[in-house]
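Hello,

Here is the structure I promised to pass on. Please open it first, then read my notes below.

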Amino acid sequence: QKILKIKNRAKSESLTSLIPEWFALTQEVSERAIGLKHFDTQLLAGALLHEGKIVEMKTGEGKTLVSTLPVALNALSGKGVHVITVNDYLAERDQKWMGKVYNGLGLDVGLVKSNSQTFEKQKSYNSDITYVTNSEVVFDYLRDSSAYSRKEIVQRPFNFCLIDEIDSVLIDEARTPLILSAFKGTENINKLYLAKAVANILKENIHFQLDEKRKDINLTE
């Protein structure tokens, strides 16, 4: 009854005004569902994340549990919340584990993986909360932008997003451009022969450098 009352209030009141009661409910449901109760520092971190700030926490301070607070709060808007993780394993683990808390609050949780079918992605992106990796959410955005029909579109308008390991996602990995390529049909054989001829005359450390560790090649000036 309490959950339903707050959900109704969310239609007319600001989410920030609901923080005390909704965080308390989330804390209680979490303890009943997975046996973990948020500490004061975790409640504080949850409030800061809701404000759009970055929170740094040490290993073992319970980042995953903290995420349930701002995520469940913003899911009340019904516009969807993305939880971005760095790999499929973490996305699936957190979705199953924290999903019990969200389900207890009457919210549904979706999971988007790299091998998910279009209809599965549509269902997951339309859930109250969607767990997805940083690269997959970008590739789905690119695919939606180049879709031929509305039936192929999987995402809905963006609303609120929580990023795990934000330094890695928005700094380190953001240096690698994500490009969507499409097969055009006819191959230009002449260009391929020309590219091969150019590649054959390039000399290592003069024209290019090899990065063995990252299996990468960089052209010099």
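Leu-194 is exposed, with a relative accessible area of 57%. That figure is over 50%, so the residue counts as exposed rather than partly exposed. Bear in mind that this is a predicted model. Leu-194 sits in helix α9, residues 189–201. Together with Val-198, Leu-202 and Leu-219, Leu-194 makes a nonpolar surface patch of about 390 Å².

Next, the hairpin. Strand β5 (residues 208–211) and strand β6 (residues 216–219) run antiparallel, joined by four bridges. Leu-210 stands opposite Ile-217 in β6. Four residues lie between the two strands of this hairpin. Lys-215 is in that loop between β5 and β6. Its phi is positive, near 50°, and Lys-215 is not a glycine. Most residues other than glycine have a negative phi. Is Lys-215 buried or exposed? At 78% relative accessibility, Lys-215 counts as exposed.

Glu-165 also has a positive phi, near 50°, in a residue other than glycine. Glu-165 lies in the loop between β4 and α8 (166–172). Glu-165 is partly exposed, with a relative accessible area of 35%.

Now the sheet. In what order do the four strands of the open sheet stand? The order is β2-β3-β1-β4, and the pairing is parallel. β2 (109–112) and β4 (160–163) are at the edges. Each has a single partner strand, so one side of each is left without a neighbour in the sheet. From one strand to the next, the twist averages 20°.

Look at β2 in particular. β2 pairs with strand β3 (residues 129–133) in the parallel sense, over four bridges. Within this pair, Val-112 stands opposite Val-132 in β3. Helix α6 (residues 118–125) packs on the sheet. Helix α6 touches β1 (81–85), β2 and β3. The direction of α6 makes about 140° with that of β2.

One last stop is Ser-135, found in helix α7 (residues 134–145). Ser-135 is partly exposed, at a relative accessible area of 30%. How far apart are Ser-135 and Leu-178, in sequence and in space? They are 43 residues apart in sequence and 7.7 Å apart in space, C-alpha to C-alpha.

Over to you.

Best wishes

How values were computed: Residues numbered from 1 in each chain as written. Predicted model: local features only at pLDDT ≥ 70, side-chain atom pairs only at ≥ 80, totals over all residues. Heavy atoms only, no water. Pairing = 2+ DSSP bridges. Axes fitted to C-alpha atoms, helices over the stretch in contact; angles between N-to-C directions. Contact = heavy atoms within 4.5 Å. Patch = residues over 30% accessible without salt bridge, like charges linked within 9 Å, V, L, I, M, F, W, Y side chains within 5 Å. Areas by Shrake-Rupley, 256 points an atom, 1.4 Å probe, with all protein chains shown as cover. Salt bridge = Lys/Arg side-chain N within 4 Å of Asp/Glu carboxyl O. Buried < 20%, exposed > 50% of the residue type's maximum accessible area, 1.4 Å probe, protein only.
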